[in-house]
Structure formats: structure tokens, C-alpha cells
Amino acid sequence: AERYFAKAEEMATLYGFSDVYLATDDEDVVLQSKHRPGFRYMATSIDRNALFGSYMFIEHRMAYGVVDRRGVTEATFVDLFLLSQCQGLVGSFGSHFSKAAYELMV
């Protein structure tokens, strides 16, 4: 997480913005962001642990009906929409999610 914080803060300083949106499934990252001075970190209040917190792939959990399909879909679209409105993006481009968010930005 520290590497992402550092890159986000570097980009924000370089381009002159101080608001950073976190699209993360890790609640600890959201908590860590509250202790970082100089930037306003934001995240949705979705209970990501209930939707995404599992060792099973999301596709399998959806197929077995152990996760709320609508909740996962809505959380995904909210994150993609909010990321598409950002001035910068720090993500893992090995992830299709980060690639999709970037494509929507440009």
C-alpha cells in the first residue's frame, strides 16, 4: 500500500491536486489513509469485505450464490465511474480493472 500512496502523492503534488479516491478492497488501506497529512483520501462506504473478502474467486462465489451479484456489480460500476472522473490514476496495470478505469478516463 505504501508504494501506491507514495505514487499517488507524487502525482498529486506534480499536478496540483490534493483529493485522492481509493478504489480498494482492503479496509486497512482506507484506515491508513486517514493518517496521511496533506491529502484528502476518499473511499466509498461499501462493505467491501462482505462483497469481496474471500479466498475464492469472485466468479465462483457468484456462481455458487454466496455473494450478492447486484452488490458486486454496483460497487464495481461506482468505482469505475469515480475513477474515470479522476485527474490521475495509480493502479496495477496487470489488472483489467485498472485498465478499464484508465480507458474510461481518456
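Let's start with Glu2, which is partly exposed at a relative accessible area of 48%; here buried means under 20% relative accessible area, exposed over 50%, and partly exposed in between, with a 1.4 Å probe and protein chains only. Before I go on, this is a predicted model, where local features need pLDDT of at least 70, side-chain atom pairs count only at pLDDT 80 or more, and totals for chains, interfaces and linings use all residues. Residues are numbered from 1 along each chain as its sequence is written, and side-chain values use heavy atoms, with hydrogens and water left out.

So, what does Glu2 form with Arg36? A salt bridge, with the closest N and O atoms 3.0 Å apart. The rule is a side-chain nitrogen of Lys or Arg within 4 Å of a carboxyl oxygen of Asp or Glu. Glu2 sits in helix H1 and Arg36 in the loop between H2 and strand E2 (40-42), so this pair ties together parts that are 34 residues apart in sequence. Helices (H or I, at least four residues) and strands (E, at least two) are DSSP runs, numbered from the N terminus.

Arg36 also forms a salt bridge with Glu9, and there the closest N and O atoms are 2.6 Å apart. Glu9 is in helix H1 as well, so the pair ties together parts 27 residues apart in sequence. Put together, Glu2, Glu9 and Arg36 are linked in a network of salt bridges.

How many salt bridges does the rule give? The count comes to 5. Another of them joins Arg40 and Asp19, with the closest N and O atoms 3.1 Å apart. That one links strand E2, which holds Arg40, with strand E1 (residues 19-21), which holds Asp19, across 21 residues. Arg40 is partly exposed at 47% relative accessible area, and Asp19 is partly exposed at 37%.

Now to the nonpolar side. The largest nonpolar core has 10 residues, including Phe5, Ala8, Phe17, Leu22, Val29 and Tyr41. A core here is a set of buried Ala, Val, Leu, Ile, Met, Phe, Trp, Tyr and Cys residues joined through side-chain atoms within 4.5 Å. Helix H1 (2-15) and helix H2 (27-33) are the elements that give two or more residues to this core, and the largest share, 3 residues, comes from H1. Leaving out residues up to four places away in sequence, Val29 touches Ala1, Phe5, Leu22 and Thr24, where contact means heavy atoms within 4.5 Å. There is also a second, separate core of 5 residues, with Tyr21, Leu80, Leu83 and Leu89 among them.

Let me finish with Ser98, in helix H6 (residues 96-105). Ser98 is buried, with a relative accessible area of 11%. Which residues does Ser98 touch, not counting those up to four places away in sequence? They are Leu89, Gly91, Ser92 and Phe93. From Ser92, the backbone oxygen lies 3.2 Å from a polar atom of the Ser98 side chain.

Conventions: Polar contact = N/O pair within 3.5 Å; in protein donor to acceptor, adjacent residues only side chain to side chain.
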